[in-house]
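This report covers salt bridges and helix packing in a single chain. The sequence and structure come first.

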Amino acid sequence: MADILHIARRELKMGFRNPWAYSFLALFCTFSLGLLLIHANNAVEGYTAVTGSMLSLILYLLPLMTLFLGSFSLTSEREDGSWQLLSTYPIGTLSFVLGKYTGLAAVLLTIVAFGYGLMGLLSGLLGMAFAADTYFLFLAFSAGLVLLFLTLALFIGSLSRNRWQALTISVAVWFFAVIGWPTFLIAGLGLLPYLWIKPALIVLTMLNPAELVRLFVVVKLGGGSVLGPEYYQWVEWISRPGGSLLFLGVCAAWVLLSILAVYWIWERGRSRG
């Protein structure tokens with residue numbers, strides 16, 4: 001535990017010294033003010049076309065920001081020789097991975113909290129405050145995207161040899177998971193027999209963190225009917241009293257399995273020198 005906290009504190013210091021973090025902070029604050037302007041013109045409450053557009057905008061920015069910061073952090077450990085030095089100390093690989101995840105998550109969630117805090121403060125001062133449930137669902141949506149995509153970022157950083165490779169893979173993953181997902185999903189499901197479509201849809205949705213979090217928030221905002229009959233079971237289980245806990249359990253399993261995969265890659269590399 002002490003090793004995890006040590007690595008996390010080191011990551012926090014490095015994260016807040018990183019100019020990229022402040023660039024993303026400025027970008028996210030600007031983006032939050034844009035959301036505030038949208039809210040000023042069209043009150044954001046429940047699931048509407050405006051709410052859907054705001055969710056899409058968040059979906060475009062936060063995963064890309066997380067993939068860049070997370071993957072660059074791991075590749076820089078190799079490029080700068082920091083990992084070679086750390087691996088000579090009695091620090092377990094799992095402690096290293098968990099410490100990196102914890103520290104990076106703290107940096108990214110601070111950026112998100114600052115942006116939402118600024119937006120909430122200004123909306124309150126200007127007398128056009130968001131509905132509390134909508135505001136906190138947006139915050140949960142953003143935090144969920146950060147925590148899930150951060151595991152993907154660590155996975156990319158573990159497989160990449162340098163920052164350029166991490167940049168290329170990050171953009172490809174972001175494009176596939178966020179921009180091209182509906183097209184790839186429709187094309188892929190169209191090739192399957194009818195009886196396989198629903199099970200395949202469940203598996204594929206579970207594998208895409210962007211889609212997983214988006215579906216949950218859309219249903220919670222009351223927009224489950226726009227998802228179509230294929231998602232009827234999703235709407236049903238998310239709307240149940242224990243739906244939120246079940247969703248958190250799925251996300252926790254997602255994070256745990258991804259971190260174990262990252263640990264296996266780093267441990268394999270460490271044992272091979």
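A salt bridge is a side-chain nitrogen of Lys or Arg within 4 Å of a carboxyl oxygen of Asp or Glu. The model is predicted, and it holds five salt bridges. Three of them are among those listed here.

| Pair | N to O distance | Location |
|---|---|---|
| Glu77 and Arg10 | 3.0 Å | helix 3 (residues 49-79) and helix 1 (residues 2-17) |
| Lys100 and Glu11 | 2.6 Å | helix 5 (residues 93-125) and helix 1 |
| Glu211 and Arg214 | 3.0 Å | both in helix 10 |

The bridge between Glu77 and Arg10 links parts of the chain 67 residues apart, and the one between Lys100 and Glu11 links parts 89 residues apart. Arg10, Glu11, Glu77 and Lys100 are linked in a network of salt bridges.

In helix 10 (residues 209-220), Glu211 and Arg214 lie three residues apart, about one turn of the helix. Glu211 counts as buried because its relative accessible area is 8%, under the 20% cut-off. Arg214 is partly exposed at 24%. Beyond its neighbours within four places in sequence, Glu211 is in contact with Trp181, Thr205 and Tyr231.

Trp181 is also one of the buried residues of helix 8 (residues 181-189), together with Leu185 and Leu189. These three cover an arc of only 45° around the axis, so they sit on the same side of helix 8. They pack against helix 7 (163-179), helix 9 (194-207) and helix 10. The face turned away from the buried side of helix 8 carries the exposed residues Thr183 and Ile186.

Note on methods:
Residues are numbered from 1 along each chain as its sequence is written. This is a predicted model: local features need pLDDT of at least 70, side-chain atom pairs count only at pLDDT 80 or more; totals for chains, interfaces and linings use all residues. Side-chain values use heavy atoms; hydrogens and water are left out. Helices (H or I, at least four residues) and strands (E, at least two) are DSSP runs, numbered from the N terminus. Contact means heavy atoms within 4.5 Å. Buried means under 20% relative accessible area, exposed over 50%, partly exposed in between (1.4 Å probe, protein chains only). The arc is that of the directions from the helix axis to the C-beta atoms.
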